[in-house]
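Please look over the sequence and the fold below before reading on.

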Amino acid sequence: MKQILGYIRKADQDFSLIQAGDRVAVGVSGGKDSLVLLNALALYRHFSAYPFTLEAVTVDLGLEPFEIG
């Protein structure tokens with residue numbers, strides 16, 4: 001997790017991704033990658049240069065359940 005947090009910090013510093021008061025949304029699919037990103041950003045809030053809020057977003061496509069096979 002330290003390495004991921006380092007990448008997030010570097011990207012934020014290099015590209016000014018997060019500003020004070022921002023509301024950052026993370027699309028959560030339930031997969032490992034989106035859950036790790038959400039967790040990492042939650043940890044990053046504790047030492048970010050600017051305070052920001054974090055929102056997890058999911059989308060219900062409203063599709064009928066179907067079986068494959």
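D12 is buried and yet has no salt bridge, the nearest side chain of opposite charge being that of R9, 7.5 Å away. Buried here means under 20% relative accessible area, exposed means over 50%, and partly exposed lies in between, with a 1.4 Å probe and protein chains only. A salt bridge is a side-chain nitrogen of Lys or Arg within 4 Å of a carboxyl oxygen of Asp or Glu, and for charge Lys and Arg count as positive and Asp and Glu as negative, while His and the chain ends are not counted. This is a predicted model, in which local features need pLDDT of at least 70 and side-chain atom pairs count only at pLDDT 80 or more, whereas totals for chains, interfaces and linings use all residues. Residues are numbered from 1 along each chain as its sequence is written, and side-chain values use heavy atoms, with hydrogens and water left out.

What, then, lies around D12? D12 is found in helix α1, where helices (H or I, at least four residues) and strands (E, at least two) are DSSP runs numbered from the N terminus. Not counting residues up to four places away in sequence, D12 touches L17, I18, Y44 and S48, a contact being heavy atoms within 4.5 Å. With I18 there is also a separation of 2.9 Å between the backbone nitrogen of I18 and a polar atom of the D12 side chain.

In soluble globular proteins, nonpolar side chains tend to be buried together.

The phi of S16 is near 50°, a positive value in a residue other than glycine. Most residues other than glycine have a negative phi. At 47% relative accessibility, S16 counts as partly exposed.

Beyond its neighbours within four places in sequence, A25 is in contact with E55 and V57; A25 and V57 are 32 residues apart in sequence, but their C-alpha atoms are 6.4 Å apart in space. G27, with residues up to four places away likewise set aside, touches S34 and V57, while the C-alpha atoms of G27 and R9, 18 residues apart along the chain, are separated by 19 Å.

How many salt bridges does a search of the whole structure find? The search finds 2. In one of them, the side chains of E55 and R23 meet at 3.6 Å, N to O; E55 lies in strand β2 (residues 53–57) and R23 in strand β1, so the pair ties together parts that are 32 residues apart in sequence. E55 is partly exposed at 31% relative accessible area, and R23 is exposed at 63%. The side chains of D14 and K10 also meet in a salt bridge, at 2.7 Å, N to O. Being 4 residues apart in helix α1, D14 and K10 are separated by about one helical turn. D14 is partly exposed, at 46%, as is K10, at 48%.

Finally, the chain as a whole has 2 helices and 2 strands, which follow the pattern α-β-α-β along the sequence. Of the contacts with a separation of 6 or more, 69% are between residues 24 or more positions apart. Buried residues make up 20% of the 69 residues in the chain. The chain has a radius of gyration of 15 Å, whereas a compact globule of 69 residues would have one near 11 Å; the radius is taken over C-alpha atoms, and the globule rule is 2.2 Å times the number of residues to the power 0.38. Along the principal axes, the C-alpha atoms fill a box of roughly 50 × 25 × 20 Å.

Key:
Polar contact = N/O pair within 3.5 Å; in protein donor to acceptor, adjacent residues only side chain to side chain.
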